[in-house]
Structures are given as C-alpha cells and as structure tokens.
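Please open the structure in your viewer and keep the selection panel at hand. The stops below are to be taken in order.

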Amino acid sequence: MKRRRIQFYQRFFVFTVALVVLLSGLLSQLPNSTMGNTAIAAMNVEFPLSTNGTRIIDAKGKTVLLQGVNWFGMETETHVPHGLWSRDYKEMLSQIKSLGYNTIRLPYSVEALRSDSISAVNYTIGSNKELEGKTPLEVMDIVVKEAERQGLMIVLDSHRLNTKRIPELWYGDGFTEADWIDTWRLLAQRYKNQANIIGADLKNEPHGRASWGTNDLSTDWRLAAERAGNAILRINPNWLIIVEGVELNVPGQKLTNHWWGGNLEGVRRFRVRLKKRNKIVYSPHEYGPGVFNKPYFSDKSFPKNMLQRWETGFYYIERQKIAPIWIGEFGGKQVDKSSIEGIWQNKLVDFIRDKNLSYAYWSWNPNSSDTAGILLSDWQTIDAPKQVMLSRILPVKYKPPVPVARTTNGPTKQLLLAPVSSPTSASRLSSSSGQLQVTTTTDSDWQSGFCVTFKVGNSNSTKVQNWQLTFNMDKAAINNSWNGTFKQKGSEYIVTPLDWGRVIEPNQVRDLGFCANKLNSGGADYLPRNVKVTIAS
C-alpha cells in the first residue's frame, strides 16, 4: 500500500509539472491583446475618485494608478491640442489608449478658454470636421467626451494664463487671481457631471517669487491653492485637487536646486488644507539635464544621489502617509543606459515602478523642444526605445515593429523602426552661422494651411546665446507659433527664442515653429525661404 501511494504521488507530480509546462507554452503564444485586456480591466474604475492615505481610490475603494501622458496645445495660440493638423483627434486618443495609458493631462490657458477661435486644425482629416466652427471650450467638450467613450480619464491643467509663457505666480500676464479662480469655477460647473474628468491641476509650475509657508498672500502658493481648491470643491466635490510644488522660497528647505513646481519640501510643515481632506494629491515635476544641466547630475555619486533627492523633495509625503504623489511631468529625449539623461530617466522609471506611483509623461507631442515626445515628428510613429522604457510602468508591454527585411525570392517582413514621414513632410538644411545650423521641416501641408518646424542645433564645443532666426515668407499668414516670438517686417520674419531657449549648449537642439493659413493668392511659393540663424555679437 505504501509503495502504491508513493507511485501515485510520483505520477501526480509528473502530471502536474507537464500541465504547467503545457499551459506556460500556450500562454506565451497568446497575442499582445491579452495584455491589453488586463490594462482595460484596470481602467474600469467607479467614479468619483478620492484618496485614502497614500492611495488614490475609486468609489468602491479600489486603488487607481494614474498612468498618463501630457497632450499639450490648448495653452498655446492654437487653442486646441497640437497635431490635429496631421491626425484625426479620435485616432490620436485611440493610440494613447492602445499603449496602456489611462489618463491624459490636458493643459489649457485662461486666455485660450476665453477665446472664440481655434486654428491649426485640418478639418479634412476624419473626425476633425466635427471641430470646425467650434470654440476652444467646445473643442475641450468634444475631446473629453471622446476620451470618456474610449475609457480615458482627464486631468485639466491650468498651464498658462496667456498663451505665451508659464508665469511665476497664479496671476499676472494681464490676469488676476479672480480670473484664474473664476476659470476653475467655470470648468467645475461645466464638467460637474462629466465623470471621466477626475481632477484639477491648479497651476502649472509655480516658480521664481512663488513661496510655500511664508504666509505672504501675494506669493504663498500653498495659500492660493487652498483658495482655488476649496472654490472648486464647493461646486464640484468629486474632483481631486492636484497641487504642484514651487521652485524656491520654502522656510527650512534642505535642497538648493529644484525644478519649477518640483519643490514640495514645504508639505512637511505646511500642508494644503482643503474642506474635503480626501481630495488632495501632491504633484512634483522632474526632469533631466536635457532640460537644464543641474549640478547634481555631475556629482560623483550620480545616479545614486537621485534617490535621496526624490525622498527629500517629494517622496517623504508618501512614506509618511500624508497624501498620494502624482508626478505630473517627467521626460527627456535620451532613454539609453549610457548618457546622463538616459541613466536619469531609466532610474526615475524604475523608482516609479518600485514605489507604485502615479504619473503623466511629458509628452505625447513630438514638438516639445527639450524632451521630444512619445510620437515622432510625423505625429504617427511611436518612438520605440522610449515606449519600451515606459512599458516598464504600463500594463501593456510595447513590442517595436520588426524591421523590413526584403529578399528577391522569399516573403517580405514589414519593419518600422525608423520614423515614417508623411507624404507632405520635407526637410532641408538651411544656412548656418558656422556654429549653429538650422533644419527646416514642413510637418504638414493641406489645402488651406501648413505647419513648419525649425531645429536649431549647436555643433560646437561651447554654448551659444542670444541667437535669432530669420526667414522670408509671402502668401501665408502665421496663425500660431511655439517656442519663439515671431515678428514680421514686410515679407521678412525675425524669430527670437523665449527666455528659456536663448542658450543652446553644445550638441543641444532647440525646436520652434509655426502654423499658417495660405492666402487666397498663395500659389505654390507660400513656404518660408532664405532661412538663416545668426548670433548677436
């Protein structure tokens, strides 16, 4: 009997091992969509969201990770999310969802939402026809509703006051605190029953004079966040109130270098006090040397020193169970394991994964000059190495398309590792100053308009500052621009970079550009010509 029992258990063990091996083999052959189903299930949340300790939770108490991207443009002169000159907005949202993201941080400016007009939309592309004749607010309505249909959450972000720059404080640039709060009240009321709008990122990147815990009503961002947050919650008690940090001016701060909006050291002593305590989420921004080469990137302890910086700057908030953290912006061009920026970015991705943090990557757009985006410049192709890196913190594991391998006799295998240019895209190297070179790319060209990007690169070993771009253009009228001030004198345009872009470090590239309407007499010669970059003496 004893021998028979042993034989039985031995056979049972062999059978079990064989079954496990068989099932493992079958599962490994399942298509990627199986992973996608897991992601979709994770997005089935019950609204509204609130907080419980360091967790963001849904109405049933289930933990919700906000795994997002920033899709910018509504804060600029276009008054709409960028890229609609090249893509159908529904198609864009679908691509975001397919990669596993569940949240979009949607920047806007107060000026844009008070406007009646939009630009840089190709209405002949698919569903974009629906946007024709709409105001910026109506475009926001449409994008938000489509995001809801596709299972995407939205965080509204008061990114700018005017359409030109990010102000130090929550007022200025021709707008008052009342203008800022009234805009939030308008949005809170307008979207009170729009469940997939889950939160208000009150003000993008307070910096400069902005302080925390100083009790100076003119600069204390913590007090202003309380005023705006409570005003929103009185109208719409369902939203999360997302509060970024400052840059400087925190009593007793331990670190000397912070990013705009990245300094949350003040929460230790001075917490944001909301009428509904389970609605506060703190949101740092974090970048690498591609945006600005801060001293700690060259410290001999890099990258190990980053862990202590993140702990001191913001993560202690979660460790001490004060509130959840949502990293509202991080990003960069380099994702390799050898460059400083690539090492930093991979380190932060692993930190986000290990600490189970919510985040929104900057950016979906390719036209962010310091960071580039998840999309390449054709607004279609995914930056494969970047998305592979981000897959470590997403439920969908991105597998790059296999490269094209063609043979004369055998089958053809399709591969798309390199950017795919749109039919209208064309690039050309224009005149240079010797140290600076400029490349001009026509990103999109349709019946009534077009968009152009200039890339100004520094190929020398020393930094350059106080540079300008000039070009001639007839038969077209610029309707929006980015990363520079475009001044027209007859047919000549003089472009001055914004303050943060005046310096170009060695091997750094600055992007700026514009979209324009073709004039009735446009003909074929409406594109910019005689493009030159000069350095002021």
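**Strands 16 and 19**

Select residues 467-472 and 492-497: strand 16 and strand 19 pair in the antiparallel sense over four bridges. Strands (E, at least two residues) and helices (H or I, at least four) are DSSP runs, numbered from the N terminus, and two strands pair if DSSP finds at least two bridges between them. Within this pair, Thr470 has Ile494 of strand 19 as its bridge partner.

This is a predicted model: local features need pLDDT of at least 70 and side-chain atom pairs count only at pLDDT 80 or more, while totals for chains, interfaces and linings use all residues. Residues are numbered from 1 along each chain as its sequence is written, and side-chain values use heavy atoms, with hydrogens and water left out.

**The hairpin**

Go to residues 436-445, strand 14, and 449-458, strand 15; they pair in the antiparallel sense over nine bridges. Three residues separate the two strands of this hairpin. Pick Thr442 to find its bridge partner in strand 15, Val452. Of the ten residues of strand 14, seven are buried (under 20% relative accessible area, 1.4 Å probe, protein chains only).

**Helix 3**

Finish at residues 89-98. Which residues of helix 3 are buried? They are Tyr89, Met92, Leu93, Gln95, Ile96 and Lys97. After helix 3 comes Gly100, with a positive phi near 105 degrees.

Methods
Buried < 20%, exposed > 50% of the residue type's maximum accessible area, 1.4 Å probe, protein only.
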